[in-house]
Amino acid sequence: MPEEKFHTGFEERANTIPLEYILQCAEKEDCKTIVTCGHSLGGAVSSIVALGLMRSRERTDDLHVYTITFGAPFFGNESVRKMCKNYKLEQNILHYVDYKDIVPGLLSLDHTTNILKSRGLQVTG
């Protein structure tokens, strides 16, 4: 992804997942669907892995890749979001977030500040 950038720590963890091996196993077992899932940090990693698998699936139209996350923080920049929309990948991504959960917005300073203020904490700086 040229302009698309992921959070470095999440991307480093996602890079430990052997995408090519997963795709080979799916092909060997005639698997038509792969679903990744995770909570919090695992959700961010799961999303990056799923996007990698979705991009790799261009080799075959028979493989469908989905990701389901729970309380995952932001993991990519605006270009990642646009890429997901342009390639219609967003329809394969499902993020569950509790509106009271601070973790999903932690990497967005504005979001975190608003949450803290709404909870009556004084934020300065």
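I began with cysteine 37 in this predicted model, and I noted that at a relative accessibility of 56% cysteine 37 counts as exposed, because the cut-off for that word is over 50%. I then looked for what lies across from cysteine 37 in the sheet, and found that isoleucine 68 of β2 stands opposite.

Next I followed the strands themselves. I found an open sheet of 3 strands, in the order β1-β2-β3 and with parallel pairing. I noted that β1 (33-39) and β3 (93-96) stand at the edges with a single partner strand each, so that one side of each has no neighbour in the sheet. From one strand to the next the twist averages 10 degrees. For the pair β1 and β2, which run parallel, I recorded 7 bridges.

I went on to threonine 69, which I placed in strand β2, residues 64-70.

Last, I checked the cysteines for disulfides, and the structure holds 0 of them. For cysteine 25, which is in no disulfide, I noted that the nearest cysteine sulfur belongs to cysteine 31 and is 9.6 Å away, whereas a disulfide would need the two sulfur atoms within 2.5 Å.

Technical notes
Residues are numbered from 1 along each chain as its sequence is written. This is a predicted model: local features need pLDDT of at least 70, side-chain atom pairs count only at pLDDT 80 or more; totals for chains, interfaces and linings use all residues. Side-chain values use heavy atoms; hydrogens and water are left out. Buried means under 20% relative accessible area, exposed over 50%, partly exposed in between (1.4 Å probe, protein chains only). Helices (H or I, at least four residues) and strands (E, at least two) are DSSP runs, numbered from the N terminus. Two strands pair if DSSP finds at least two bridges between them. Axes are lines fitted to C-alpha atoms, for helices over the stretch in contact, and angles run from 0 to 180 degrees between N-to-C directions.
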